[in-house]
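Subject: Structure for your review

Dear colleague,

Please find the structure below, together with its sequence. My findings follow it.

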Amino acid sequence: MKQQTLQDIFSNYIQTPTTIFKNKDVLSPDYIPEITIHRDEQIKQIASILSPILRGLKVSNIFLFGKTGTGKTVCAKQVATELEKNSKKVKVIYLNCKMKRVSDTEYRILAELSRSFGKTVPPTGLPTDEIYRIFYKCIELENKSIILILDEIDALVKKIGDGILYNLTRINQDLKNSKISLIGISNDTTFTENLDPRVKSSLSEEEILFPPYNASQIKDILEQRSLDAINTGCLEQGVITKCAAFAAQEHGDARKALDLLRIAAETAEREGSLKVLIKHVDKAEEKLDLDRTVEIVKTQPKQSLAVLAATIKLVEAGRKNIQTGDIFEVYQQISTNTGLKNLTQRRVSDLIGELDMLGIINTRVISKGRYGRTREIRLLLSKQIVEKIKKVLIENYLL
DNA sequence: GTCAATTCACATGAAAGAGACCACGGTCTAGTG
DNA sequence: CTAGACCGTGGTCTCTTTCATGTGAATTGACGA
């Protein structure tokens, strides 16, 4: 009898998992799954375009576009690494252009690329044509067919223009031993329209569109991933459906769905629950928004924060129709009080634009006829987020 | 009443400056054999 | 003789200013019906 109960305890322990996560990494945005579902068509296309590389032929450059979280990166990486496995003459370089400290300048991109060939390059100080030379040399010495995946290529072009793309697409003409093929990935569908026509034609020799997932596809993806990520029996019925529904609302972003599931599971775990419940998903949804915004705010430079502080001050004072000029006035007070340098209106105008881009504030350029043209600035954040932001600002002595 | 001109309050662009950072090569200095 | 410190030079990067130009509709004022 005694033995029996002991056995029970053990088997109980074995059967009911003590943690929710089996493997958390599977839900992280960087994870590349073995099989990608609902993207067979695209994978096939990419593969058939790239496969001549196995015979050492030059293959077309590919341009992949579609909204965030539609599987562009995953598919590209998957095909490329598979090719790399199949041939010793293929090398894949993946570069996310949106990563800070990488995409800011032409120099840094090339330095980063050269580094991926194992070359040590100083972070700054060399002339740009020097770094070009180093890069050429790296490729030439490698003696391989190179697939260069440039993720978030639109961010790159926005920052430093398309000159570098032009050079990269033409680089093959000067290479003897190696070949280089580009895979550009962008989530801005209108991106190619503003490119130099020469770059455009050579970059998008082949274009592949990644349509957004619908709710049921996201659900499939989540189900498949959660098999590896989360222990069986730890998900309440409907959790996955809910995550999928949330994400489908926002243009079918699978990445967001995975984030939601991960954070929901984390929340559940923190609360000591052994099951992810629907309410955890709701909480995760809130937290995702909050975290993102606060994180962005935290990383802003002081001047930007001062402008944000001015905006919040005006909003809290109940002002409607806030204009650039109003913000500039309050900003000047704040910056004087805190011993910050006073920037010109021109610069403040730019900072407002940047805050808008980041989604922290909301602006609209309106013309008020006789009374000029200006930005109308609004704050569309929830109270909770504003409170958090205020905390950050107070920490910086700006409020 | 209609219509073109005017006007406002910035937006937006371009260029250039300031000050920080960094690599590199040359020179100096102190330590070692 | 050599390793390391130090300096000047030449380059990039980021933030900023200065100057210049653009913009869209309310307002104005001339004009004609």
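A polar contact is taken here as a pair of N or O atoms within 3.5 Å; within protein, one of the two must be able to donate a hydrogen and the other to accept it. Please also bear in mind that this is a predicted model.

With that definition in hand, I begin with aspartate 326, which lies in helix H14. Its side chain reaches the backbone nitrogen of glutamine 323 at 3.0 Å. Aspartate 326 counts as buried because its relative accessibility is 19%, and buried means under 20%. Setting aside neighbours within four places in sequence, aspartate 326 is in contact with Leu314, Arg319 and Asn321.

Aspartate 326 also takes part in a helix packing. The axes of helix H13 (residues 302-316) and helix H14 (residues 324-337) come within 8 Å and cross at roughly 115°. This crossing of H13 and H14 is right-handed. On the H13 side, the contact is made by Gln303, Ala306, Val307, Ala309, Ala310, Thr311, Lys313 and Leu314, and on the H14 side by Asp326, Ile327, Val330, Tyr331 and Ile334. Sorted by class, the residues in the contact of H13 with H14 are nine nonpolar, two polar and two charged.

I turn next to the sheet. Five strands form an open sheet in the order S2-S3-S4-S1-S5, with parallel pairing. Its edge strands, each pairing on one side only, are S2 (90-96) and S5 (206-210). From one strand to the next, the twist averages 15°.

Within this sheet, how enclosed is strand S1 (residues 62-66) by the rest of the structure? Five of the five residues of S1 are buried, so the strand is largely enclosed. In a regular strand, side chains alternate between the two faces of the sheet. In S1 both faces are covered: Ile62, Leu64 and Gly66 are buried on one side, and Phe63 and Phe65 are buried on the other.

The pairings of S1 can be followed on either side. S1 pairs with S4 in the parallel sense over four bridges, and phenylalanine 63 has glycine 184 as its bridge partner in S4. Five bridges join S1 to S5, again in parallel; here the bridge partner of isoleucine 62 is glutamate 206. Further along the sheet, S3 (residues 145-151) and S4 (residues 179-186) run parallel and are joined by six bridges. In that pair, leucine 148 stands opposite leucine 182 of S4.

Arginine 262 counts as buried because its relative accessibility is 18%. Not counting residues up to four places away in sequence, arginine 262 touches Phe21 and Leu27. Its C-alpha atom is separated by 9.0 Å from that of alanine 229, 33 residues apart along the chain.

Finally, two backbone angles deserve a look. Most residues other than glycine have a negative phi. Asparagine 143, however, has a positive phi of about 55°. Asparagine 143 sits in the loop between helix H5 (128-142) and S3 and is partly exposed, at 35% relative accessibility. Tyrosine 397 likewise has a positive phi, near 60°. Its place is in the segment after helix H16 (383-395), and tyrosine 397 is exposed, with a relative accessible area of 64%.

With kind regards

Methods: Residues are numbered from 1 along each chain as its sequence is written. Chains are lettered from A and ligands numbered from 1 in the order in which they are written. This is a predicted model: local features need pLDDT of at least 70, side-chain atom pairs count only at pLDDT 80 or more; totals for chains, interfaces and linings use all residues. Side-chain values use heavy atoms; hydrogens and water are left out. Two strands pair if DSSP finds at least two bridges between them. Helices (H or I, at least four residues) and strands (E, at least two) are DSSP runs, numbered from the N terminus. Axes are lines fitted to C-alpha atoms, for helices over the stretch in contact, and angles run from 0 to 180 degrees between N-to-C directions. A crossing is left-handed if the near helix is turned anticlockwise from the far one by less than a right angle, and right-handed if clockwise. Contact means heavy atoms within 4.5 Å. Ala, Val, Leu, Ile, Met, Phe, Trp, Tyr, Cys and Pro count as nonpolar, Asp, Glu, Lys and Arg as charged, and the others, Gly among them, as polar. Buried means under 20% relative accessible area, exposed over 50%, partly exposed in between (1.4 Å probe, protein chains only).
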